[in-house]
Amino acid sequence: MNIRVVIIDDEPLARLAVEVRLARHGAFELVGQFGDGASASAGIAALKPDLVFVDVEMPGKSGLEVLAVLPPARRPMAILLTAYDSFALQAFELAALDYLLKPVDDERFDEALERARQAFPYRSGSRAPALAVPPALHFSVRAGSRTVLVPVAEVERIEADGDYATLHAGGKTWLMRESLHKLAMQLDPRQFHRVHRSSIVRLDMIAELRPLTNRDAMLRLRDGSVLRASRSYMPALSEALQQHAHFSTQQSTDL
Amino acid sequence: MKVETPLLVPVLAALPVCACMVILGLPAASHGYIVAFRTLFFVACLLWLIPLTLLQRAMWRREWSWLRMGALLLPLTYAMAIVNALLGQSLGISLGMESGYRWASLARGLDSCWLALIAFCAVHAVAVYYLSLQQARLHLAQAQSAARDAELRALRLQVNPHFLFNSLNAVSALVSSQSNREANRMLACLADFLRATLTHDGRHEHALADELALLDAYLAIEKARLGERLRLTMKAGPDLLGTVVPYLMLQPLVENAIRHGIALLSAPGQLDILVERAGERLLISVQNDGHKRLHEGSGIGLANVRQRLHHLYGEAQEIQAGWRADGRFHVQISMPLRSMQAAP
């Protein structure tokens, strides 16, 4: 059973960008494209897609308005597209699945589709949710000609480095040929969190969090390293940190 | 020096003069007719102050010299005092104390009126002079700070386009070589950096966290370009993310470190950014690997940062750059430690 997708964007090239990337994934079927809010509303009612990609800024009816008029039960999963981000909060109010900044990064796009794939069984109600992969205990990394097992418990953070990922563990770094979002799926979500397109952090490593004016945040880890947390991951991160007992309460919260 | 002063100034200048006249009249308070004469002089003087004020302001506006003002004001106030004396005689006649005008004694006993008018003119002139001097100084200071602001703005803008075109060029190269994924990744990073800089409100300083976020967005582009060849640490001491640093100060230094240092190496190069506290000072250091001879003469970014630091902190800052014994290029900035909350 494929996930049926509709793309709503007033710019043909922007629709093409989504269409081309979508075509690389098997489980998704494009059933319609719309160039404005009014025809999109009619189209969603007629086609009943499972997932919509919606551009937020469109002439006439905005993407958020298209979604807002639909009753929550009939609202498809939504991935918002925006060039200049000031809509994140509204997006979360509408329980959008994800939102992507233009120009869209391939990995972020794949990740959004992965979210849709995981959320889909819960929505359709017909199938049992796919069993989550049990968290890995070790990562095996190549160091020269030998293979080293790095215990996951020692991993402090992972950074994307092009097609590679760099593991930071106990003051050392290891290079792995694996994408960040595949690694993320092998980690315990209670301990590790994605904070940015290019980084995963172990929650108890976070020593300081300072919100920025654009709703991103800077994190300072216990070893002094400073890294960026982007706003699309912030709500989940804040929630996780609040539940996490080790996090010091000295963070500034003047958001 | 044509600076307008408020009309409150002549009123304030008249106050001490009037007070003197009242105090001088006090001993005669028991003699009814003297009080009447004094009151007449007092009111007449007060009325004279109005044309005097207007005249002085007009002369001031036309930028007359002190000498010319004095030459006009002395005979004028004398004439006013004569008129006062004339008024006094007619009061005497109407009270029945005098039988007629005594023209010969008209010029006698002018001292109190004339001196009062002269005193007023002098106080008024000095007050106006002092106030306009103050305002002129203020304008000068404002003009200087505006000029400094414009210069800082220009220096800041020097940084951006340079890097923007380099990045676009890199994207173009990736597209030409059909490295679509890399081109896309780089465009996303570039958009990130632009979003971060476009939200800037024009201030010359911001929090270290914002500066490091900008730097991180920039470094993402360089990482996309250089891949494994760029090894990087970015560290800060505890509780420093809220301290004040100049806007976009680190990016030109790091760009230098990469373009003139690491990008020219065949082996992977290390770049270390470290922010620490030393008492009441903030220490920022950028260190990179590189070849010594190639780095000489690469100074636009460094000169730019040096100038901006000087404009912002004068002698309270220090920036040192050069090759050290460890074979790495070091840039070390020492500047006052100030927290963002203290100066919102």
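Beyond its neighbours within four places in sequence, Lys223(B) is in contact (heavy atoms within 4.5 Å) with Glu159(A), Asp161(A), Leu230(B) and Leu232(B). This is a predicted model, in which local features need pLDDT of at least 70 and side-chain atom pairs count only at pLDDT 80 or more, while totals for chains, interfaces and linings use all residues. Residues are numbered from 1 along each chain as its sequence is written, chains are lettered from A and ligands numbered from 1 in the order in which they are written, and side-chain values use heavy atoms, with hydrogens and water left out.

Lys223(B) lies in helix H6 (residues 208–226) of chain B; helices are DSSP runs of H or I with at least four residues, strands runs of E with at least two, numbered from the N terminus. Lys223(B) counts as buried because its relative accessibility is 19%, buried meaning under 20% relative accessible area with a 1.4 Å probe, protein chains only.

Between chain B and chain A there are six salt bridges, each a side-chain nitrogen of Lys or Arg within 4 Å of a carboxyl oxygen of Asp or Glu. One of these joins Asp192(B) to Arg228(A), with the closest N and O atoms 3.8 Å apart. On the side of chain B that touches chain A, the elements giving two or more residues are helix H5 (180–198), H6 and strand E2 (230–236) of chain B. H5(B) supplies the largest share, eleven residues.

In all, 32 residues of chain B are in contact with 32 residues of chain A.

Methods. Buried means under 20% relative accessible area, exposed over 50%, partly exposed in between (1.4 Å probe, protein chains only).
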